There are 2 protein chains.
Amino acid sequence: MKLTTKGRYAVTAMLDLSLHYGEGPITLADIAQRQGISLSYLEQLFSRLRKKSLVASVRGPGGGYSLGRGADEIFVGEVISAVDENIDTTRCSGAHNCQNNERCLTHDLWSDLSNQIYGYLNKISLQDLMDRQAVREVADRQDHPDTEQPGLDVSLVDGSGDMAGA
Amino acid sequence: MKLTTKGRYAVTAMLDLSLHYGEGPITLADIAQRQGISLSYLEQLFSRLRKKSLVASVRGPGGGYSLGRGADEIFVGEVISAVDENIDTTRCSGAHNCQNNERCLTHDLWSDLSNQIYGYLNKISLQDLMDRQAVREVADRQDHPDTEQPGLDVSLVDGSGDMAGA
DNA sequence: ACATTCCCAAGCAAAATAGTCAAGATTATC
DNA sequence: GATAATCTTGACTATTTTGCTTGGGAATGT
């Protein structure tokens, strides 16, 4: 299974896009600066996101990217799938030829796990993330990098850990 | 997050150990042959498993490894944690300095996800895996590599997909 | 003694990851 | 229509991780 920086960056960038919805197209340069991601690397990621229609692009000056659909219709699992080829944990990637062309001992375990993770991530939309207070506070900080905000040093971790809660 | 062959091998080997419980210590050479894993690689994995007391070892002829506790007391999550250093999905590994010493936009998302995966895998014991019919059938095949078993080509996938079900 | 097993550390090739670089296409604006 | 901003694409590179090998040891039953 793959859940690496690539997927993290993609979700982060998509969330940035959501948070600045309504300001017209957002340039990758803006996202790169706000989120601390290499511009060229973002380009590669957005190339894949575009192919899956998760973002729409406008070229030329004043151009940039915007969400391909509403933030409540784009789910984290989709974004990760778009950039990480597969979220599958099995070695055989779903086939059952893991060992000498036969099913390996733990094939089903990884298969089930993949389904669990995928199900979990596909319940969380970008809108859900935006609604989190912690996200809003970080976004505020990123939009106003000059002003110090010393009073916000509380624990921002939600800690609810509820599966269905997203 | 890391869920690679290393973790898969470890769980597979531990399951092999469980399945042959009662036959005295199991040598790594046996496991290597049955599961198609490099012996030297297994040695490395078992070194870590041993440090976490997940297995016990006996040296010398007739020696080998056995489970450190009952198969119903060893959980898949533990095994993976023992060999993959961390199952954490956050970049900062739990600290909140992901971006310029501050919390990144999606920190909590990955933190929550880690908890979900960990919670899921820590509910599944080696005994649970052994109770699965599909596992038994594969184990049978591995124990009797000579005899052909053509009648077992049914779909072995459990498909229940229930989170609490393990 | 000796073969069998666990134990350990170093090293290494291939793959994947994270990122760079260079060139081009499109389009708003002056 | 020149220019600059922006997306678009492909190739290339450095670094890290993975999966594995090598080569030694240490313990212990026979």
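**Close-up views of the predicted model**

With a relative accessibility of 16%, B:Tyr65 is classed as buried (under 20% relative accessible area; exposed is over 50%, partly exposed in between; 1.4 Å probe, protein chains only). This is a predicted model, in which local features need pLDDT of at least 70, side-chain atom pairs count only at pLDDT 80 or more, and totals for chains, interfaces and linings use all residues. Residues are numbered from 1 along each chain as its sequence is written, chains are lettered from A and ligands numbered from 1 in the order in which they are written, and side-chain values use heavy atoms, with hydrogens and water left out.

View 1. Rings of Phe, Tyr and Trp (its six-membered ring) pair if their centres lie within 6.5 Å; planes under 30 degrees apart are stacked, over 60 edge-to-face, and the rest tilted. By this rule there are four aromatic pairs over all chains. The rings of A:Phe46 and A:Tyr65 form a tilted pair, with centres 4.7 Å apart and planes at 50°. This pair links distant parts of the chain, 19 residues apart: A:Phe46 lies in helix α3 of chain A and A:Tyr65 in strand β2 of chain A (DSSP runs, H or I of at least four residues for helices and E of at least two for strands, numbered from the N terminus). A:Phe46 is buried at 0% relative accessibility, and A:Tyr65 is buried at 16%. In chain B, the rings of B:Phe46 and B:Tyr65 are also tilted, their centres 4.7 Å apart and their planes at 50°. B:Phe46 belongs to helix α3 of chain B and B:Tyr65 to strand β2 (residues 64–67) of chain B, so the pair ties together parts 19 residues apart in sequence. B:Phe46 is buried, its relative accessible area being 0%.

**View 2. Protein surface around DNA strand D.** Among the 28 residues around DNA strand D, those that come nearest are A:Ser57, A:Tyr65, B:Thr5, B:Gln44 and B:Arg59 (a residue is near a strand if one of its heavy atoms lies within 4 Å of it). Helix α3(A) provides the largest share of this surface, four residues. Of the atoms of DNA strand D within 4 Å of the protein, 67% belong to sugar or phosphate and the rest to bases.

View 3. A:Ser53 has a positive phi of about 60° although it is not a glycine, and it lies in the loop between α3 and β1 of chain A. A:Ser53 is partly exposed, at 46% relative accessibility. B:Ser53, likewise not a glycine, has a positive phi of about 60°. The loop between α3 and β1 (55–58) of chain B holds B:Ser53, which is partly exposed with a relative accessible area of 47%.
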